[in-house]
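Trainee: I would like to learn how to read the strands, helices and chain contacts of a model. Please take me through one case.

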Protein chains: 2
Amino acid sequence: MSSSDKNKESKQAIFHINKEENFPDWFGEICRVAELADIRYGVKGFTPFPPWSYMTMDIMFDFYDTALKRKRHLPMLFPTVIPEGNLTKETEHVEGFTPSVFWIGEIGDGEKLEERLALRPTSETAIYPMYSLWIRSWRDMPLKRYQRCSVFRSEIKSTRPFLRGREFLWIESHNVFTTHEGALAQVMEDIETTKEVVTGDYGLPIMVFKRTQWDKFPGGLNTYAADTLMPDGKVIQLPSTHDLGDNFARAFDIKYLNENNETAYAWQTCYGPAVSRMFGALISVHGDDKGLRLPFKLAPYQVVIIPIIKGKNADAVLEYCKKIEQTLDKAGFRVHLDDCDATPGWKYNYWEMKGVPIRVEAGPRDIKEEQVVVFRRDIMKRESVALKDLKKHIKALGKEIDQTLKSQAEAKFEGLVVDADTIGQIEDAMDKGKIARTPLCTIEMEGLSCDEEIKDKTGGEIRGTRIDIDEKADGVCPVCGKVAQDIVYVARSY
Amino acid sequence: MSSSDKNKESKQAIFHINKEENFPDWFGEICRVAELADIRYGVKGFTPFPPWSYMTMDIMFDFYDTALKRKRHLPMLFPTVIPEGNLTKETEHVEGFTPSVFWIGEIGDGEKLEERLALRPTSETAIYPMYSLWIRSWRDMPLKRYQRCSVFRSEIKSTRPFLRGREFLWIESHNVFTTHEGALAQVMEDIETTKEVVTGDYGLPIMVFKRTQWDKFPGGLNTYAADTLMPDGKVIQLPSTHDLGDNFARAFDIKYLNENNETAYAWQTCYGPAVSRMFGALISVHGDDKGLRLPFKLAPYQVVIIPIIKGKNADAVLEYCKKIEQTLDKAGFRVHLDDCDATPGWKYNYWEMKGVPIRVEAGPRDIKEEQVVVFRRDIMKRESVALKDLKKHIKALGKEIDQTLKSQAEAKFEGLVVDADTIGQIEDAMDKGKIARTPLCTIEMEGLSCDEEIKDKTGGEIRGTRIDIDEKADGVCPVCGKVAQDIVYVARSY
């Protein structure tokens, strides 16, 4: 940040909004003040991402990249545009996505395209025609590929940076197997990856659901998705993974010769961690009334060093701070020495608002004592640390901070679930910002009205059945009164 | 690659095309056989990039990322779409780019957009209106930002993967300064970065030119660009950097308060390393008749391990190879153990064609001798290496391979320049695939016809004046006969 950080005086350093009571304001203001997204770009739902959010998202992508590569997925990249003919090949899929597609129809000074091009809303219809060419024999599978890219959907609802944009940043993983069992095992692997990265690395607590038949990925057999809890009591969908069955293989002609030399259709899955949306959830879940609290693992600057300069000691203090910067940099930490001419107090506020997990302060007395003052953002606590212990201390403290953020978020999520057997009880739960655990006739059949009645009467949506824990259905559907086949969770949602 | 590498039998392992004599075939075929780009996507100029090319480009991006961050540029990301109104603000710029713009005019089932959106052909007109809001005071500068993204240009000429596509992958760096001197210093820094990364890391020899006034970036003052030499004797433009003067600041109202509290226009530069194009140049320059030769620094797999399995020793050999894999992986090398069931000979050919710089072979005898056989792809040489020396050996060999690739490329580039004082001599140089060094009236004035006459009569293009070496003009322009102000280089080009 150094180059532009000279401009401290013209920037806002102090942030104070009660997050729990006034979440929409909190979110909008922190995006502006911490320079995360600029809503003045002039195209609804499209926002530039300045360095502070982009660098954090880049690190978030890295964790996914590492996890996927470890599980033998390989990266690739497909074009941003998809010919219209491709999009129309799978009936349910085209119905699900066409309403939100951006269409390119012209080039230059009015040259009409013979076939319109869609900006990819998701890439099944771009990738699977090529898979049809690439896959020939059982030996070509499992084929596990992913790409990091922008996708484009013209959301009808009001847009908000990160949480609901018309261009968002994600990874999409597209995998092909010889059997349905292979595909289902991939779905389970994806759920594990979600837990590892989203909870393990990002510190976001999740519940994992099998979605209802009326809320699944268009064209697929089943959708499995993680939800986390936002400060306003609504849940938001994080990564989802889809068992596509052989529907797309039939639509896109992905066939192979099996070991008996017979032709068969392949089985497919896809998985879509939307990193920009998760960034929105991340800042919302971990942030506090003073601004951002970024996990140590994800912060663009993990440590910021503030020299406490008083008069003639300036050179010595700066020298001392530069050495600390070098030491920490060499040790592999992302460290930033803020040597601009703002006051230390101003800098404290500024970097607290930006969410830097650890601050190191050093002044003349610290030089004498061969120590520094270390401040942790998560619980706003200061302590003196001997210079010789600093590296070790920061490593341990970083882990502690991430653990604290995760535990605090988990504590809020826990105990939020209440059992509800009637519409009235569900409504009551929704009013109190809780999540209702309720019996339901079934999630397996499309076109039922129980779902709509619950939504109309309570404002809550059925998120599906838990697959991260074992639960047996019990009781009757609060709407139709039939014996319940499923236990579902109802919550207000994004 | 492991998952799909089972399919060895159905893939082509042996590649043999004389690169120098038949470069277009070589290029098309290596893209297909090494799975670098698939031209069957169905939209002219748009090609999927499978893992082997994508992973290499990703590493190429990393080297740029590191270099730019070291020089205090920060990453960000702007939207893919630009409102039409933005594009039309700088007259020369809009004239230069509008003919090649892809336009989005509709959403979903026929909803017309009020204002059309362009797929970014380059992002000046997306970014600078925001810079106008972000920049307020001299303290905000230098502002040094860049983004990694796709850009879209509807090329009229025939397209070729990497070398000329309609969607390509690049970095664009957009920088703002209080003075023209500051901007010019940035241009020089960019040229240094080009040398460091493109020659230092990618091993591509370059000449750096100040382009003529009729060949500069639309809307800028001056363009400085690097050219490298392709196997067919044509040069290709690699990164270019542009002194934009205050033209864009005036068009987009980027003003600031200077230290005397007066309002002034800012000065700008932009810099555009097109990584996908450089990948095209990289494989072309370093490749040979047997396929790719990837630099050690850039190869997705730096080392491939081939177990030489014979009958009952299989387990022991595989075990030995796995240990080597772990050792090299831990040491930070990108290593791949190819344990599929193809023959060793098949695997040798396959990975040679793919350009993996180092191959380690190990069989029963190697276990006994506590050694391995190490093969280097660049000069196709084998030698035995004691297991205990392997890490050190590979590190040194990697450097040697990169040096060799660079030296071989430089040797071809050197001695290619011939002095030419007449149109006939230039024509002769072009016919022989050489680069003509020739006096010219001037490169500083637009609308001269000397340039066109040279092009018409010789097929060569004026690349500009060298700025990486000092050269004084001497003689007369071979076309108009006026006293030469400049020494220019003429070459056939992409």
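Mentor: We will go through a sheet, the contact between two chains, and a pair of helices. Keep in mind that this is a predicted model.

Trainee: In what order do the six strands of the open sheet lie, and how do they pair?

Mentor: Start with the general idea: strands of a sheet pair through backbone hydrogen bonds, either parallel or antiparallel. Here the order is S2(A)-S4(A)-S3(A)-S3(B)-S4(B)-S2(B), and the pairing is antiparallel.

Trainee: Which are the edge strands?

Mentor: Look for strands that pair on one side only. In this sheet they are strand S2 (81-83) of chain A and strand S2 (81-83) of chain B.

Trainee: How many bridges join strand S3 to strand S4 in chain A?

Mentor: Four bridges link S3 (residues 102-107) of chain A with S4 (residues 111-119) of chain A, and the two run antiparallel. To find one of these on the model, go to Glu106(A), whose bridge partner in S4(A) is Lys112(A).

Trainee: And where the sheet passes from one chain to the other, how many bridges pair S3(A) with S3 of chain B?

Mentor: S3(A) and strand S3 (residues 102-107) of chain B pair over five bridges, in the antiparallel sense. Ile107(A), for instance, has Phe102(B) as its bridge partner in S3(B).

Trainee: How many residues are in contact between chain A and chain B?

Mentor: On chain A, 56 residues are in contact with 56 residues of chain B. Elements giving two or more residues to the chain A side include helix H1 (2-5), helix H3 (51-70), helix H6 (124-134) and strand S5 (143-152) of chain A. The largest share, six residues, comes from S3(A). By class, the chain A side has 30 nonpolar, 14 polar and 12 charged residues.

Trainee: Now the helices. At what angle do H14 and H15 of chain A cross?

Mentor: The axes of helix H14 (residues 423-431) of chain A and helix H15 (residues 450-458) of chain A come within 9 Å and cross at roughly 50°. That angle is why H14(A) is called oblique to H15(A). The crossing of H14(A) and H15(A) is right-handed.

Trainee: Which residues meet there?

Mentor: From H14(A), Ile423(A), Ile426(A), Glu427(A) and Met430(A) meet Ile454(A), Lys457(A) and Thr458(A) of H15(A). The residues of this contact divide into four nonpolar, one polar and two charged.

Terms used. Residues numbered from 1 in each chain as written. Chains lettered and ligands numbered in written order. Predicted model: local features only at pLDDT ≥ 70, side-chain atom pairs only at ≥ 80, totals over all residues. Pairing = 2+ DSSP bridges. Axes fitted to C-alpha atoms, helices over the stretch in contact; angles between N-to-C directions. Parallel < 35°, antiparallel > 145°, perpendicular 65-115°, else oblique. Left-handed = near helix turned anticlockwise from the far one by under 90°. Contact = placed C-beta atoms within 7 Å. Nonpolar A, V, L, I, M, F, W, Y, C, P; charged D, E, K, R; others polar.
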